[in-house]
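Trainee: I am new to this structure. Please take me through one part of it closely, then show me what else is worth a look.

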Amino acid sequence: MGGWMGKVLDVNLTTGEIVKHPLDMELARQFLGGRGLGARMLWDEVGPDVDPLSPGNVLIFTSGPLTGTGYQTSNRFSVSTKSPLTGTVLDANSGGFWGMQFKKTGYDAMIVRGKADKPIYIEIKPDGVTIKDAQHLWGKVVSETTKALGQNNNKRNVLCIGPAGENLSRIAAIMNDGERSLARGGPGAVMGSKNLKAIVVEGKERPDIVDDGKFKFMLYETRKLLRASPLTSQALPEFGTVVMMNVVNNIGALPTRNHRQAMFEGAEAISGETLTEKYLVKNSACWACPIGCTRISKTDKVEGEGPEFETTWAFGAECGIDDLSAIIEANHVCNEMGLDTISAGSTIACAMELSEIGLLDSDLRFGRADLIVKTVEAMGYRRDLGAELADGSLRLAKRCGRPDLSMSSKGMELPAYDPRGMQGQGLLYATSNRGGCHMRGNMLGLEVLGLPKLIDRFQVQGKSSYVILHQNMAAMIDSLVICKFTNMGVAEEYFARALAAVTGIQYSTGELIKVGERTYNLERLYNLREGFTKADDTLPPRLLTEPVPDGPSKGWVSKLEPMLKEYYRARGWDENGVPRPNKLAELSLAQFVEAVR
Amino acid sequence: MIDERIYEQFKEIGRDLYEQTMISSHGGNISIRLGDRVVIKRRGAQLGRLKPHDLIETGLEKNDSGVTLASTELLAHRTIYMKTPALAICHCHPRTAIAFSLSRDEIVPIDNEASYLLKKVPVIWEEFASGTPEMANKLAEALQSYKIVMLRGHGSFAIGQTLDEAFFWSSTLEEACQIMLMAKLINEPFIEYRRMSEAYGKW
């Protein structure tokens with residue numbers, strides 16, 4: 001068998017019991033690994049009666065069949081859990097080195113269940129798995145914890161939470177290798193709720209590769225394509241993901257001041273070009289990644305990884321701030337606290353609007369760059385105003401009596417693309433299984449970048465088909481698990497052939513995308529079992545009713561309703577968004593029909 | 001009612017197919033998938049001169065009155081949509097590629113562009129090659145793993161996320177075949193310039 005290691009580790013923090021199971025290979029074939037396998041395991045583990053922050057919730061860390069093989073960007077791993085932010089199924093994935101190292105320990109997945117009676121960390125080494133005392137680490141920020149536990153990129157890798165996770169912030173991230181993050185949906189709070197400060201991995205195993213000759217050919221061809229694409233060989237390495245700032249702003253789809261506008265007059269000052277010119281120290285890359293989009297940036301006060309495009313937008317345009325050094329510092333504090341930067345920035349933007357209209361007693365105002373760093377720190381420690389903001393924008397806006405001012409879907413803050421200027425993106429957010437998110441598929445490629453070919457971003461009819469395909473493809477990529485930027489230069493047929501070379505199982509491109517569709521439908525069933533309905537597949541009222549005031553998207557609102565209707569039909573779901581039995585049978589999910597009836 | 005933006009896409013690709021001699025006056029057909037619906041060229045319409053009424057919308061799985069007007073290849077298009085991730089299909093009659101399909105089971109390009117984009121194009125065959133379920137199934141199966149497939153002596157079927165993309169694969173194949181033909185006519189020893197090219201035939 002190639003690709004998979006064939007073992008699952010099960011750690012019960014309540015009892016201290018550590019068990020190893022064989023990996024169910026039928027599940028592995030159907031769901032691959034990462035997000036897909038995580039969703040399937042979560043279905044059995046965590047039902048609707050479980051509070052996300054209770055010991056009954058689990059954390060499922062997964063690698064994929066390509067992880068650690070050396071295929072381009074095969075460094076990633078995933079965590080699945082029930083989200084404390086949204087209450088939906090959640091997965092988040094991250095790059096760096098930890099995922100590769102976890103696979104080298106010989107496990108495809110690790111379930112962490114229960115709750116320790118005091119702070120602990122888990123150490124996985126070739127000579128065994130141990131639960132160790134972490135009381136001396138509790139309260140420490142991420143960089144201190146990572147250093148204290150002996151981070152060494154290619155040998156020993158640390159995953160941990162910061163104060164935000166310890167304080168059960170519902171937008172807390174899990175951090176790995178210092179500054180990489182499993183960010184969205186609050187998985188850090190689930191770790192905190194278990195008194196689990198960190199997981200350290202050291203391994204020496206390697207996944208088998210069945211057809212080495214074919215695999216080498218796929219490595220060669222993939223490298224050729226990534227070098228040929230200007231996006232993956234020039235734009236991302238030179239400017240990082242922030243290269244999108246001017247691109248998205250120029251088409252009038254950059255949400256600004258809590259989505260009041262869709263163009264930011266200060267975009268140039270916070271662009272990838274400015275970041276590179278004024279603050280870039282050097283580039284960096286995850287393991288086995290030839291793209292190297294990571295930035296190491298420096299201001300007078302801080303030096304570290306980032307910021308990414310979404311972060312720069314959230315603390316920048318969305319807060320009406322064009323001070324890039326303040327944004328870099330806010331990003332740094334988020335990383336130290338272990339906070340999701342998109343949700344943190346967007347929640348501050350929501351607080352700024354609530355304060356401006358007199359519903360929140362604070363000094364926050366659009367453009368107040370001087371307040372964002374200390375606000376983020378207060379969120380991590382849950383003190384002063386930060387305590388109000390630490391659970392995300394929806395809970396804050398509800399308490400202030402204006403839930404409509406939370407720019408979120410299913411409670412998760414929307415990222416940096418305004419659905420009014422990218423119609424498909426709006427449908428994608430509304431139907432995303434983990435809430436408003438651009439990583440569940442992204443219409444940026446088709447609606448803006450022309451990948452593979454440009455479509456009309458304002459077209460409504462037929463948009464559902466593109467959204468569905470890209471949601472399925474994203475679920476598949478998240479299950480392999482590799483980086484979605486690879487897909488900007490390399491088509492999915494390459495992934496199918498690389499997977500076939502590694503595992504010896506002849507996946508066609510169509511079958512591989514079917515894995516993504518299966519995962520998407522299972523996640524949908526999970527959310528239905530949790531009580532979510534069609535009414536949750538929506539966007540903030542502002543985006544549905546307030547036209548963009550100026551710029552290239554002027555006059556547009558999101559035309560969600562007709563797209564949603566078409567989407568359900570095209571997905572093979574009924575008019576209430578429930579997968580039809582024949583669709584589930586087609587996806588080998590027939591056994592789940594009864595659970596949501 | 002079909003969106004005018006969609007009609008514009010059909011009109012432009014149809015015209016280009018004709019102007020590039022990828023089809024005869026009334027040959028070929030193109031379609032897109034709109035959720036559980038298909039928009040396809042009307043039977044007998046000229047791709048090079050499409051009018052708004054030449055676009056027929058019908059069900060992906062269910063028949064309606066649209067099938068009375070749709071292209072004779074509707075079955076193949078539907079089957080491909082149901083069995084592959086395709087959102088657009090371009091079926092045309094690229095002449096040089098058809099000529100090569102008469103003497104081989106796969107076309108392995110030798111030029112850089114098509115080696116890079118296509119690697120290999122399978123040639124498939126069925127006794128009743130037009131409008132039959134056997135042919136439709138065979139095509140859909142091949143298109144699970146390849147983005148363009150040749151029907152021996154008939155033409156190509158290419159899939160993509162957009163019509164533009166499916167057309168791209170079609171014209172890339174024809175260009176590759178023209179280059180192969182010219183290389184054969186020149187009849188000089190081939191100098192291999194592509195590393196690991198022996199793997200293309202196993203794609």
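Mentor: Keep in mind that this is a predicted model. Let us start with a helix pair in chain A. Helix α17 of chain A covers residues 423-431, and helix α19 of chain A covers residues 463-480. The two pack at an angle of about 55°. Their axes lie 9 Å apart. Angles of 65 to 115 degrees would count as roughly perpendicular, and those under 35 as roughly parallel. The angle here therefore makes α17(A) oblique to α19(A). The crossing of α17(A) and α19(A) is right-handed.

Now the residues that meet. From α17(A) come A:Q423, A:G424, A:L427 and A:L428. From α19(A) come A:K463, A:S464, A:Y466, A:V467 and A:Q471. By type, the contact of α17(A) with α19(A) holds four nonpolar residues, four polar and one charged.

Move on to the loop between α17 and α18 of chain A, where A:N433 sits. Helix α18 of chain A spans 444-449. Is A:N433 buried or exposed? A residue is buried if 20 or more other C-beta atoms lie within 10 Å of its own. A:N433 has 26 C-beta neighbours inside 10 Å, so A:N433 counts as buried. Leaving aside residues up to four places away in sequence, A:N433 touches A:T88, A:V89, A:R440, A:Y520, A:E523, A:R524 and A:N527. A:G450 comes 17 residues away from A:N433 along the chain. The C-alpha atoms of A:N433 and A:G450 are separated by 25 Å.

Next, another helix of chain A. Helix α12 of chain A runs over residues 324-337, 14 residues in total. From its first C-alpha to its last, α12(A) reaches 20 Å. That is close to the 20 Å expected at 1.5 Å a residue. α12(A) is mostly covered, with 13 of its 14 residues buried. A:G338 follows α12(A), and the phi of A:G338 is positive, near 75°.

Last, look across to chain B. There, 23 residues of chain B are in contact with 23 residues of chain A. On the side of chain B that touches chain A, at least two residues each come from α1 (4-19), β1 (29-34) and α6 (163-186) of chain B. The largest share of that side, three residues, comes from β1(B). By type, the side of chain B that touches chain A has seven nonpolar residues, seven polar and nine charged.

Technical notes: Residues numbered from 1 in each chain as written. Chains lettered and ligands numbered in written order. Predicted model: local features only at pLDDT ≥ 70, side-chain atom pairs only at ≥ 80, totals over all residues. Axes fitted to C-alpha atoms, helices over the stretch in contact; angles between N-to-C directions. Helix = DSSP H or I, 4+ residues; strand = E, 2+ residues; numbered from the N terminus. Parallel < 35°, antiparallel > 145°, perpendicular 65-115°, else oblique. Left-handed = near helix turned anticlockwise from the far one by under 90°. Contact = placed C-beta atoms within 7 Å. Nonpolar A, V, L, I, M, F, W, Y, C, P; charged D, E, K, R; others polar. Expected span 1.5 Å × (residues − 1). Buried ≥ 20, exposed ≤ 12 C-beta atoms within 10 Å, placed from the backbone.
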